[in-house]
Amino acid sequence: MNNLHAPTIPSGPTSSIPTNGDAGHLSFAELQRKKDDTEAELKALGGVLDSHGVDMQTPLVTRDGFPRSDIDVAQIRTTRSRIVRLRNDYKDLMARIEKYLHEHFASMANGDDNAGADPSIATQTAILPDSRNEPLGQAFARVNSVAAGSPAEQAGLKPADEIRNFGYVNHANHDNLKKVAECVQGNEGSEILIKVSRATDVSQRQELRLTLVPRKDWGGRGMLGCHILPL
């Protein structure tokens, strides 16, 4: 009992992006790498919780108030704490990326193509066609319907979109969409990166990167406002 709260995995420093100093000079590509690194660590930490059969809300004590003996309570507490910090870091990072993009395209709209231009933005955007040079994951779900005014509609999802990635969930681990539900429950109010494939005509498809924020207060059922089906 004395070591109940002792961490059994290193918590390490957070990946928070400073709001001053050298952070202002990071390129878009560097910000993207930090985002990818944060997503990868969140995925790994989610795997730690999965290995114990718990999530962010699973009780760690018995009805009598004693620590559960069937799980490693200390490791789960440490992992959850790290996930919370990383989610905050990720939210700040996505806000910085969005600001970077707005400034970049505002500069272009003003006809100042060279002022503050970052060539790494040319083929990467947060919510635009996905032209990143990386293998495309296999689609595992299709959007069946999208409610008006829902988080899904605000993110840009449309019926018939095929989902390749939903946060850390992909074709290999979606478990008949159960992991999608877990991802949504564990990220209420936080941004989730979604990769979708959308048909533009009979023979062509467009690959998109969308950002969705699950929330309960949008005025409809669920936290997404869309219905998806496994492929």
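Residues 76–103 form a span that is 100% helix and 0% strand, with the C-alpha atoms at its ends 40 Å apart. The model described here is predicted. In UniProt, an unreviewed entry lists residues 76–103 as "coiled-coil region".

**Nonpolar cores**

- The largest nonpolar core has 22 residues, of which F140, L157, I163, F166, V180 and I194 touch the most other members.
- At least two residues of this core come from each of the helices α3 (151–155) and α4 (178–186) and from each of the strands β1 (141–146), β2 (162–166), β3 (192–199) and β4 (205–212).
- V180 is in contact with F140, F166, V169 and I228, when its neighbours within four places in sequence are left aside.
- In soluble globular proteins, nonpolar side chains tend to be buried together.

- T58 is located in the loop that lies between α1 (28–52) and α2 (73–109).
- T58 counts as buried because its relative accessibility is 18%, and the limit for buried is under 20%.
- The side chain of T58 makes a polar contact of 2.8 Å with the side chain of D55.
- Not counting residues up to four places away in sequence, T58 touches R68 and R80.

Terms used
Residues numbered from 1 in each chain as written. Predicted model: local features only at pLDDT ≥ 70, side-chain atom pairs only at ≥ 80, totals over all residues. Heavy atoms only, no water. Helix = DSSP H or I, 4+ residues; strand = E, 2+ residues; numbered from the N terminus. Buried < 20%, exposed > 50% of the residue type's maximum accessible area, 1.4 Å probe, protein only. Polar contact = N/O pair within 3.5 Å; in protein donor to acceptor, adjacent residues only side chain to side chain. Contact = heavy atoms within 4.5 Å. UniProt positions renumbered as here; feature names shortened; annotations may be inferred. Core = buried A, V, L, I, M, F, W, Y, C linked by side-chain atoms within 4.5 Å.
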